[in-house]
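Colleague: I would like to learn how to read domains and the contacts between them. Could we work through that together?

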Amino acid sequence: MPQIEHKAIQNSVAKTSTRPTLFNQRSLWSLFGIAAIISSIAQTGLFRQDIINPGGWSVFLHFLIASLHPDLSPELLSLTLDATIVTLAYAMYGTAFSVFLGLVGGVLASQVWWQSVFMTYSHRQFQPTAIAPWLIIRALLSIPRAIHELIWGLFFINIFGLDPLVAILAITIPFGAVTAKVFSEILDETPRQPLIALLSSGVSPPKAFIYSLLPQAFPYLLSYTFYRFECSIRSAAVLGIIGAGGLGYQILLSLQSLRYEQIWTFFFALFLLNGSVDFWSALLRHHLGSPNRLDLNSLKLQGSKRPTINRQSHLILFASSIGAIALLLCSFSIKIDYTKLWAPRTIQLLEEFIGEVFPPNINTTQFGELFNLSTQTLAMSILAIALAGLGGMLLCFPAARILLPGGVLNPISQSPHHWFWGTIILLLTRSLLLISRAIPAPIWALILLFILFPGILPGAIALGLHNLGILGRLMAEVIEELDERPLRSLQALGATSPQVFLYGVLPNALPQFIAYILYRWEVCMRETVIVGLVGAGGLGRLLTEQLSSFDYKSLVTTLLCFIVLTFGVDLLSASFRRLVR
Amino acid sequence: MSVGIKSMKKKLLCGIVFFLLTLAACSPKSSETSPSGETKNQPFTVGAIPDQDPEKLQRLYSKLATYLQKQLGVPVTYKPVTDYTAAVTAFKVGDLDMVWFGGLTGVQAQLQVKGAQAIAQRNIDNQFHSIFIANKTTGLKPIQNINGLKELKGHTFTFGSESSTSGRLMPQYFLKQAGVSLNDFKGQVGFSSSHDATLKLVEAGTYDAGVLNEQVWKSRVQSGEANLNKVEVLWRTPSYYDYHWVINPSVNQRYGNDFIKKVQTALLKLNPNVPQQKEILDLFGAQKFIPTKNSNYAQIETIGRDIGMIK
């Protein structure tokens with residue numbers, strides 16, 4: 001008897017003491033990731049050919065110096081104001097319509113809806129009868145998502161002509177699909193006991209949804225809506241590139257005629273617009289109890305905290321009135337003729353366009369080139385996200401409030417000296433992140449083309465810079481929302497600040513960082529098309545050529561390549577993310 | 001706490017309702033849009049492709065609109081467009097009735113809109129040239145004939161915009177004639193997006209050489225914006241037809257049968273001796289406008305097909 005016991009103890013000791021093998025799935029995936037980055041660098045030809053163009057430094061310097069004296073003439077300022085309002089208006093309308101689409105699509109794309117409709121909600125497993133319509137809707141939603149707003153814009157120009165509707169729909173369609181996907185996930189994660197109670201007592205599914213699931217999920221839905229609004233602002237600026245008006249358009253015009261002083265005026269307007277919208281949105285999301293984009297993405301709604309309501313909730317009222325006033329202002333600036341949506345001309349143009357596009361021109365001799373360009377595009381997205389991820393991780397710590405006195409890394413100090421430097425560092429990194437995300441990626445690419453040869457590298461760096469700003473900010477939010485208890489207890493046990501950082505902050509934040517990076521990788525992949533449009537290589541470059549020669553039949557083939565790539569990246573990223581969760 | 005939630009919800013609800021109301025308020029009254037019969041008041045819409053100082057083009061174009069409105073007796077508006085492709089598309093769908101196109105885009109527009117007519121060009125457009133330029137530090141020397149373009153092999157090179165006739169199509173054609181393919185250059189060929197950008201990029205040495213339209217080159221040399229200590233002319237191409245006004249045939253139905261003729265006359269009548277009209281001509285870099293016709297651009301079409309810009 002004692003012997004057996006002894007053996008059991010030995011066994012358990014052996015079990016706990018063996019180190020987990022290093023050859024696990026995670027390290028395998030990491031190796032895979034590193035290999036992908038290395039081969040992407042090889043793709044750029046970094047060590048084989050000239051990449052940096054030393055001749056361009058003087059122009060670049062000239063451009064930078066212009067930032068010190070932006071053009072502040074009254075005419076340009078009024079133009080800037082108009083352009084800002086147009087951009088804001090596009091974003092407003094785009095968000096409003098995409099949220100409406102998202103709400104309808106989100107209900108239809110949720111498992112819980114189909115389970116309610118087919119009365120299979122009591123089963124643990126998702127029943128096959130309910131799977132079929134759910135799968136179909138999910139698949140339908142994935143196609144608009146795979147195509148970038150800019151491509152949608154180019155399509156809508158062909159059927160609406162020069163019209164504000166182009167920009168608004170170009171934001172609405174893909175964003176509506178993304179919103180629908182996220183909304184459906186939120187609905188599926190919302191506790192469903194009240195819903196089941198209603199359904200069981202004979203309430204019809206739509207009514208049951210309106211009285212149980214939707215109000216429960218409301219704060220999260222609203223929170224995500226504000227996040228979408230931030231994205232819409234950036235997107236509205238990008239759409240200027242195809243001539244939709246607004247700040248992006250003015251920047252492009254001034255860049256083409258090399259009026260750097262004007263460009264900076266527009267840039268400052270863009271910083272202001274992005275900065276204030278991001279600030280407002282973050283504040284609101286914080287008070288709605290779902291501050292973190294990833295909370296919506298990784299879905300742990302059951303455990304998450306309830307919104308804390310205090311006097312600051314007045315802020316919500318204040319902010320939404322500002323929003324309403326802004327919308328009112330916007331309504332004067334752009335007039336939207338909704339009748340154009342079903343006007344005979346639109347339908348006729350749509351028919352003509354479809355005739356021009358189909359059948360797509362699938363030429364087997366082109367496959368080699370397409371494959372080549374696809375690998376380049378993939379490499380561009382990998383480099384971009386590697387740069388954005390690394391940069392974001394470096395900048396997010398100083399951009400979070402942890403260094404300030406009272407923050408987790410500096411809890412005791414109250415010296416004004418620390419306050420001063422902490423605030424300076426915080427403001428500096430935050431504005432750095434704001435600048436890099438406020439400038440649209442194609443504009444970054446055009447600036448980089450001063451000093452780099454065309455190719456995938458300037459495209460990758462441009463995308464990297466833009467996404468760095470977004471990632472850095474999201475990561476800083478993650479750090480600020482970290483559970484402070486383990487960090488405080490480390491401190492209480494006598495750990496120094498670096499130790500708290502290394503053993504508390506970093507391990508807690510890293511999985512979320514990686515999840516964000518992977519999620520942004522998907523976005524980067526889609527965005528490769530827009531830097532391609534300004535000549536930064538990859539499939540986007542080919543697309544530009546096909547666009548300028550109106551070769552729509554071949555363009556469809558290129559677009560199909562893009563969609564396949566996007567789906568591939570989405571799948572990879574999703575399986576990575578499952579691993580880190 | 002729960003009271004707090006309730007009051008918040010109420011306020012939120014108020015905010016949302018206010019939101020929706022304003023949204024409803026800004027949707028235009030659809031009843032006001034005229035049925036298709038009443039089109040007299042629909043403005044005659046003019047556009048231009050901004051490939052030379054687009055920013056100035058855009059901000060000064062209203063002068064032409066005012067002039068045309070006075071001459072034609074119908075409302076005229078100017079719609080700005082950022083790029084070539086959008087301009088052609090807008091012309092095709094009928095959002096632009098008359099556009100100042102480049103040679104290639106004009107042909108693309110004529111091919112896409114049945115009956116579209118080229119009606120006027122500047123006095124320089126029937127004898128248009130491109131200028132190959134190089135940065136002086138590269139050691140590239142002016143060349144005597146087309147075969148000299150071979151010297152560019154192994155150097156970096158930039159075109160203007162993809163769809164530009166003088167900044168891309170014709171230069172690429174002449175390069176091809178000289179036996180220089182785009183792969184012969186160092187690195188990838190650049191597309192600078194405008195003639196001014198090409199000039200600046202070559203001047204700065206970002207690219208060893210580039211090509212731009214002669215008119216822009218001349219005016220930048222005149223104004224001193226081109227630094228002749230840094231850039232030099234390598235070669236002036238043979239002449240070809242370039243920029244021209246293309247008008248949509250549907251305007252005749254809308255404003256009367258001789259409308260196209262009227263527009264043409266109005267353009268040709270622009271007089272450099274009248275200060276206000278001179279301003280418009282200066283904007284285009286022209287002394288005056290002269291008539292043109294579709295068949296003048298047959299060569300451009302052939303070359304466009306050859307290079308793959310027209311399918």
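Colleague: Into which domains is chain B divided?

Modeller: A word on the source comes before the answer: this is a predicted model, in which local features need pLDDT of at least 70 and side-chain atom pairs count only at pLDDT 80 or more, while totals for chains, interfaces and linings use all residues. Residues are numbered from 1 along each chain as its sequence is written, and chains are lettered from A and ligands numbered from 1 in the order in which they are written. Domain bounds come from an automatic or database domain assignment, and in chain B they give domain 1 (44-126 + 242-307) and domain 2 (131-236).

Colleague: How many residues of domain 1 of chain B are in contact with domain 2 of chain B?

Modeller: Two residues are in contact if their C-beta atoms, placed from the backbone, lie within 7 Å; here 17 residues of domain 1 of chain B meet 15 residues of domain 2 of chain B.

Colleague: Which helix of chain B gives the largest share of the domain 1 side that touches domain 2?

Modeller: Helices are DSSP runs (H or I, at least four residues), numbered from the N terminus, and the largest share, four residues, is that of helix 12 of chain B.

Colleague: How many residues of each class does that side of domain 1 of chain B have?

Modeller: With Ala, Val, Leu, Ile, Met, Phe, Trp, Tyr, Cys and Pro counted as nonpolar, Asp, Glu, Lys and Arg as charged, and the others, Gly among them, as polar, that side has seven nonpolar, seven polar and three charged residues.

Colleague: Where do the domains of chain A lie?

Modeller: Chain A has domain 1 at 72-337 and domain 2 at 376-581, with 26 residues from domain 1 and 29 residues from domain 2 in the contact.

Notes
Helices (H or I, at least four residues) and strands (E, at least two) are DSSP runs, numbered from the N terminus.
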